[in-house]
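This briefing concerns backbone geometry and sheet architecture in one protein model.

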Amino acid sequence: MTIAPIRVLIVDDSPTMRALLRHHLTSDPDIRVVGEAADPLDAREAIKNLDPHVVTLDVEMPNMNGLEFLARLMRLRPTPVVMVSTLTQKGADATLAALELGAVDCVGKPTGHEAGGFASLIEKVKVAAGARVRPVDRPVPVAPEAGFSSAVEVVALGASTGGVEALLTILQTFPANCPPTVITQHMPASFTTSFAARLDRTCTPKVAEARDAEPLRQGHVYLAPGGAAHLKVVRAGAALVCRLDASDLVSGHRPSVDALFSSVARSAGASAVGAILTGMGRDGAAGLLEMSRAGARTLGQDEASSTVYGMPRAASEAGAVQIQVPLERMGAAILRAASRRASEIA
């Protein structure tokens, strides 16, 4: 874990935005802004000279866009990066690409007189300072052999920080007839539509944001819409359906992984598989324990492959994780757990 003060470099072409970022960050005594850069060329020299623990990076800048700079940075000098993005369609698409390239997390730029702008910035910078950052060299997964057959009604996945890379890695191993799969990923509300579309383009199953009362179908993946409601799975006669529930925060989140896992434990019981992935905090630990006690098979991402080993650690310490699996083997392990042919998930 990084020793305070956390050294931060701000990279943004707007003097106003740099000043705003500096104001928010320096309000915390554990953070020190060691420098600012107006474009990636200046940032490159600043990183060499100042050796920051964390870089905040704007996506759109002159001379070299943020994505190109990030790709070079992660290849040559992996450094924790928090992306600062507009909450627009274009901003969401660029930020998701950045998260795939290895950025730890993202925050949305305040709009208008938004009082809560950058509310999560300090927390995300602190988490980034302790995150595992590696050059992204994810091999293209090989799709499972033809003939996969599921023995479960639903697979439930939960993730937060680092989840974009984790979910891409896992879902690219799923076949066209994968079990119905429901996902809660902590993400800004405006980003989940873009994320679902990105997953749909790169994965064999059909991926979309979940809709209320939508039946769960084989070969389909349902992503919780950001911000507005919890994604739950409920029984409607013999079928399982999605339920979007706009009730209060659960475990500090909406949508919450705990809310999803608990609903799956109640509706599907032993006919389910649950996996908790990289992320900060404890969301999902209690719900995964409910799933395990209901007879479901449960997995947790291991520490070495987690960007932030918070949620999987909490679930493991609670006794909710039956087996820990590295990210590169997680997709195959989930499918084995769900397969008629599998007698064990290890």
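The model is predicted: local features need pLDDT of at least 70, side-chain atom pairs count only at pLDDT 80 or more, and totals for chains, interfaces and linings use all residues. Residues are numbered from 1 along each chain as its sequence is written, and side-chain values use heavy atoms, without hydrogens and water.

**Sheet**
- Five strands in the order β2-β1-β3-β4-β5 form an open sheet with parallel pairing; strands are DSSP runs of E of at least two residues, and helices are runs of H or I of at least four.
- The edges are held by β2 (31–37) and β5 (105–108), each with a single partner strand, so one side of each lacks a neighbour in the sheet.
- Between β3 and β4 (residues 81–85), which run parallel, there are 4 bridges; pairing requires at least two DSSP bridges.
- T56 stands opposite V82 in β4.
- Helix α2 packs on the sheet and touches β1 (6–11), β2 and β3, where contact means heavy atoms within 4.5 Å.

**Backbone exceptions**
- Most residues other than glycine have a negative phi, and most peptide bonds are trans.
- D51, in the loop between α2 (40–50) and β3 (54–58), has a positive phi of about 50°.
- A213, in the loop between β8 (206–209) and β9 (220–223), has a phi near 70°.
- D51 is partly exposed at 46% relative accessibility, and A213 is partly exposed with a relative accessible area of 46%; partly exposed lies between buried (under 20%) and exposed (over 50%), using a 1.4 Å probe and protein chains only.
- The peptide bond from R254 to P255 is cis, with omega near 5°, and P255 lies in the loop between β11 (239–245) and α8 (257–268).

Conventions. Axes fitted to C-alpha atoms, helices over the stretch in contact; angles between N-to-C directions.
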